[in-house]
Amino acid sequence: MRFSLPALAASLIASVFIAAPASAEQVGEIGVDWLGNDIIIEAVHDPKVEGVTCHVTYFDRGVIDRLQKGNWFEDPSNSSISCRQTGPIVIGDIDLGEDGEEVFKQRQSLIWKSVVVKRIYDEKNDTLIYLSHARQVQDGSAKMAISTVPLYGQEAIWKEKE
């Protein structure tokens, strides 16, 4: 059975969109130039912490830019994050370790790169820390952003502590 290159590329692109996380909801799209490049804004609700919403922004390259640059399947690693209390805070069974846990992951290339949001709990300062960074197979990435949600003075409810 033979596959044409466009059919193979289309099936690979479709598989990326099918595997995309359902926890992000696009709330904004800003066009930045005539090449069709956009900044996407998504709302991400922490699945284990009710009442906290993070807004993550990232760059989405347009078709013309992809054709010009030649790397069709990759977006830049840059991202930004801002997290706030958006309701009563109810904290579920979260990882309290120093490494925290992954809350969200979005592919930025077909195989090699993802934008990841991790949550870490700073017990001493009673604060939830959200870190957005790129995960790359080769060379890593120093591009990151951080946002905090202080719990001090809040009536946060802890369902369970690990």
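Modeller: Ile30, Val32 and Ile39 make a nonpolar surface patch of about 220 Å². This is a predicted model, where local features need pLDDT of at least 70 and side-chain atom pairs count only at pLDDT 80 or more, while totals for chains, interfaces and linings use all residues. Residues are numbered from 1 along each chain as its sequence is written, and side-chain values use heavy atoms, with hydrogens and water left out.

Colleague: Why is Ile39 called partly exposed?

Modeller: Buried means under 20% relative accessible area, exposed means over 50%, and partly exposed is in between (1.4 Å probe, protein chains only). At 32%, Ile39 therefore counts as partly exposed. By that cut-off, 36% of the 162 residues of the protein are buried.

Colleague: Where does Ile39 lie?

Modeller: In strand β2, residues 38-45. Strands are DSSP runs of E with at least two residues, helices are runs of H or I with at least four, and both are numbered from the N terminus. The protein has two helices and nine strands, in the order α-β-β-β-α-β-β-β-β-β-β.

Colleague: How do you know that β2 and β3 pair?

Modeller: Two strands pair if DSSP finds at least two bridges between them. β2 and β3 (residues 49-60) have eight, in the antiparallel sense, so they qualify. Ile41 has Thr57 in β3 as its bridge partner, and the two strands form a hairpin with three residues between them. β3 also pairs with β4 (residues 79-91), antiparallel over nine bridges; there, Val49 partners Ile91 and Val52 partners Gln85.

Colleague: What makes β4 and β9 a pair?

Modeller: They have two bridges, in the parallel sense, and at least two is what the rule asks for, so the label applies. Ile91 stands opposite Trp158 in β9.

Colleague: How many aromatic pairs does the rule give?

Modeller: One. Tyr121 and Trp158 are edge-to-face, at 5.1 Å centre to centre with 70 degrees between the planes. Tyr121 is in β6 (residues 113-122) and Trp158 in β9 (residues 157-158), 37 residues apart, so to speak a link between distant parts of the chain.

Colleague: Why is that pair called edge-to-face?

Modeller: Rings of Phe, Tyr and Trp (its six-membered ring) pair if their centres lie within 6.5 Å; planes under 30 degrees apart are stacked, over 60 edge-to-face and the rest tilted. The 5.1 Å passes the distance limit and 70 degrees is over 60, so edge-to-face it is.

Colleague: Is Tyr121 buried or exposed?

Modeller: Buried, because its relative accessibility is 10%, whereas Trp158 is partly exposed at 26%.

Colleague: Why does Asp126 count as partly exposed?

Modeller: Because its relative accessibility is 24%, which falls between 20% and 50%. Asp126 is in the loop between β6 and β7 (127-136), and its phi is near 45 degrees, a positive value in a residue other than glycine.

Notes. Patches are made of residues with over 30% relative accessible area and no salt bridge: like charges are joined within 9 Å, nonpolar side chains (Val, Leu, Ile, Met, Phe, Trp, Tyr) within 5 Å. Accessible areas come from the Shrake-Rupley method with a 1.4 Å probe; for residues, only the protein chains shown count as cover. A salt bridge is a side-chain nitrogen of Lys or Arg within 4 Å of a carboxyl oxygen of Asp or Glu.
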